[in-house]
Amino acid sequence: MISSVLALTLGLGAANADELIIGSQIPLTGSAARAGMGMNEGIQVAAKVFNETNGKHTVKVITIDDESQPAKAVAAIEQLNAQGALAFTGGYGSNIIGPASDAAERLGKVYMTSGGVATELSQRGLKTFFRISNATGYAKALAGLSDTLDLQSFSLIYSTRESTAEVAKLLEEIWTAEGKKVTLHPFDPSIADFKPVLHKIKLQDSPEAIAMVGYENDYVGIIRAAKVLKPDAKAIMGTWSLATPKMWQDFPDLMNNVYGTAPLPYPAQFNTPEEQTFAEAYKEMHNKEPDYLGIFGYVQGLLLFNAVAEAYDAGTLNSGGVQDALRKTEHDTLIGKVIFDESGDNTNFAHRMAQHQDGAVAIVWPKESATAEARFPAVPW
C-alpha cells in the first residue's frame, strides 16, 4: 500500500480550465529520502514559477512517496496515471527509476528524472524516458579534479548497485589509462560497518585519495570509519548527494574538506534573471538557500511542464507530442544547455566538483567555474 499521497496545487489554482496534471513519484521516506526531498523541493518551485509565468496554463503536481522501493515506485506510477497525470517526474536511484519508467512507457507517457545515471537506463529503446544527468558526467568530474590535484593513486570504494558500479568502472578506466594506481573496494548496499574496508585501505593501499561512489548513508559510514582509522590520504571525494548543505547540517563533524559533485556553490550565486527568479521562489517556499538537488528537480520539472503545455496546445498529448517537444530543441537551463538525444539522454551533461569548506560548498573544479581554491591536502579527520 502506498504510504502517503500528497496533492500539491501551486500558483493560480485548480479552477483554471487548462490545468495540467503532472505525477511525481519520489522517495520522501526510506534510504533515498534525503535526496528525494531535495528534488521534490525543486519540482515544487518549478511548478510555482511555471504557474506564475506561463500565462495560459497551470500545473497541478500530485506527489506519491515511493518509500525508496522499486515495487512501490511502479505502483505510484499506476496510481498517478489513474489520477489523470499527463506525464511523470521524480525518481531517485537507477534500480527504482528503471521499473518506474518502464511502467510509464507502457502507459505511453513521458518520465523525466535526474536521479538515475546508469547507462542501461537509456539503452532500453524507450520512447518516453528522459534524464538530465548521466554516469559519464560524474566520472569526468572526479577525474578532472584528480588531474588538477595531481593525484596518482586511489582507493575506489563503491556500491555494487548498477549505477554506482558503472561510475566506478568509468573512473577505473580513466585513471588506469592515465597510468594511475586504482585499488577497487566494492561493497554490498546492505553493509553497515565500513571499518574492515578502511582498515585494508590503511594497511595495504596507502592511497593519495579515497574515492567514493555511493549514496548518503554510504558516505557517512565510510567517512565515519575513516575518522576512526585515519588512513594516510590527502583527499576524500565522492559523487552525487555529498556536497550539499543538508549533509553539512546533519554531519558537520564528517564533511569538512570532502569533495563532491555540485553544479553551483552554496550559498549559491545567482546572476541571470532566470537564476534570480528560481532563487527567490525557492527561498519564499522553503525558507532556505537552494542546493543542487533542488536545482536538478527544478530543471527537470520545468522542462517537463513546458513540454506538456506545448503538446497540449498542439493537440499532440496522445501522439508523442511531449517527447517531440523535449527532443526538438536545445533547452537553456540552470545547469547549462540540455540536449536530448533519441534515447532520452542529455548529451550535454557536465558536472563540477565542490568542496565542503566550513559550512560553505565551494566550486573548485573546473578552474573557470571555481568560486574558491581547493583545500589540498585536506581531509575531515
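The paragraphs below lead through a predicted model, from its nonpolar cores to its aromatic rings, charged pairs and backbone geometry.

In soluble globular proteins, nonpolar side chains tend to be buried together. In this model the largest nonpolar core has 101 residues, and those with the most contacts inside it are Val-167, Leu-171, Leu-198, Trp-240, Tyr-298, Phe-305 and Leu-326. Helix α11 gives the most to this core, with 14 residues. The surroundings of Leu-198 can be listed in detail: setting aside residues up to four places away in sequence, Leu-198 touches Ile-157, Ile-210, Ile-222, Ala-225, Ala-226, Leu-229 and Pro-231.

The aromatic rings come next. A pair of aromatic rings is described by the distance of the centres and the angle of the planes. A search of the whole structure finds 14 aromatic pairs. One of them is formed by Tyr-111 and Phe-129, whose rings are stacked, with 6.5 Å from centre to centre and 20° between the planes. This pair links distant parts of the chain, since Tyr-111 belongs to strand β5 (residues 111-113) and Phe-129 to strand β6 (residues 129-131), 18 residues apart. Both Tyr-111 and Phe-129 are buried. The rings of Tyr-292 and Phe-296 have their centres 5.4 Å apart and their planes at 85°, and therefore the pair is edge-to-face. Tyr-292 and Phe-296 are four residues apart in helix α11 (residues 292-314), so that about one helical turn separates them. Tyr-292 is buried, because its relative accessible area of 4% falls under the 20% limit, and Phe-296 counts as buried at 3% relative accessibility. Both residues also belong to one aromatic cluster, formed by Tyr-92, Tyr-138, Tyr-215, Trp-240, Tyr-292, Phe-296 and Phe-349.

Phe-129 also leads from the rings to the charged side chains, for Arg-124 lies over the face of Phe-129, at 4.9 Å from the ring centre. The side chain of Arg-124 also meets that of Asp-102 in a salt bridge, with 2.9 Å from N to O. That pair links distant parts of the chain, with Asp-102 in helix α3 (residues 94-107) and Arg-124 in the loop between β5 and β6, 22 residues apart. At 28% relative accessibility, Asp-102 counts as partly exposed.

The count of salt bridges in the model comes to 18. Among them is the pair of Glu-52 and Lys-48, whose side chains meet at 2.8 Å, N to O. Glu-52 and Lys-48 both lie in helix α1 (residues 33-53), four residues apart, which is about one turn of the helix. Lys-48 is buried despite its charged side chain, with a relative accessible area of 12%. Another salt bridge joins the side chains of Lys-234 and Glu-208 at 3.5 Å, N to O. Lys-234 counts as partly exposed, at 36% relative accessibility. Arg-34, Lys-246 and Asp-250 are linked in a network of salt bridges.

A loop residue, Asn-256, shows a polar contact with the backbone. Asn-256 is found in the loop between α9 (252-255) and β11 (259-261), and at 18% relative accessibility it counts as buried. The side chain of Asn-256 reaches the backbone nitrogen of Asp-358 at 2.7 Å. Leaving aside its neighbours within four places in sequence, Asn-256 is in contact with Trp-248, His-356, Gln-357, Asp-358, Arg-375, Val-379 and Pro-380.

The last topic is the backbone itself. Most residues other than glycine have a negative phi, and most peptide bonds are trans. Ser-68, in the loop between β3 (58-65) and α2 (70-82), has a positive phi, near 65°, and counts as buried at 13% relative accessibility. Lys-230, in the loop between α7 (216-229) and β10 (235-237), also has a positive phi, near 50°, but is partly exposed, with a relative accessible area of 47%. Two peptide bonds are cis: the bond from Trp-365 to Pro-366 has omega near 0°, and the bond from Phe-376 to Pro-377 has omega near -10°. Pro-366 is found in the segment after β15 (360-365), and Pro-377 is likewise found in the segment after β15.

Definitions and conventions
Residues are numbered from 1 along each chain as its sequence is written. This is a predicted model: local features need pLDDT of at least 70, side-chain atom pairs count only at pLDDT 80 or more; totals for chains, interfaces and linings use all residues. Side-chain values use heavy atoms; hydrogens and water are left out. Helices (H or I, at least four residues) and strands (E, at least two) are DSSP runs, numbered from the N terminus. Buried means under 20% relative accessible area, exposed over 50%, partly exposed in between (1.4 Å probe, protein chains only). Rings of Phe, Tyr and Trp (its six-membered ring) pair if their centres lie within 6.5 Å; planes under 30 degrees apart count as stacked, over 60 as edge-to-face and the rest as tilted. A charge sits over a ring if NZ of Lys or CZ of Arg is within 6 Å of the ring centre and within 35 degrees of the ring normal. A polar contact is a pair of N or O atoms within 3.5 Å; within protein, one must be able to donate a hydrogen and the other to accept it, and residues adjacent in sequence count only if both atoms are side-chain atoms. Contact means heavy atoms within 4.5 Å. A nonpolar core is a set of buried Ala, Val, Leu, Ile, Met, Phe, Trp, Tyr and Cys residues joined through side-chain atoms within 4.5 Å. A salt bridge is a side-chain nitrogen of Lys or Arg within 4 Å of a carboxyl oxygen of Asp or Glu.
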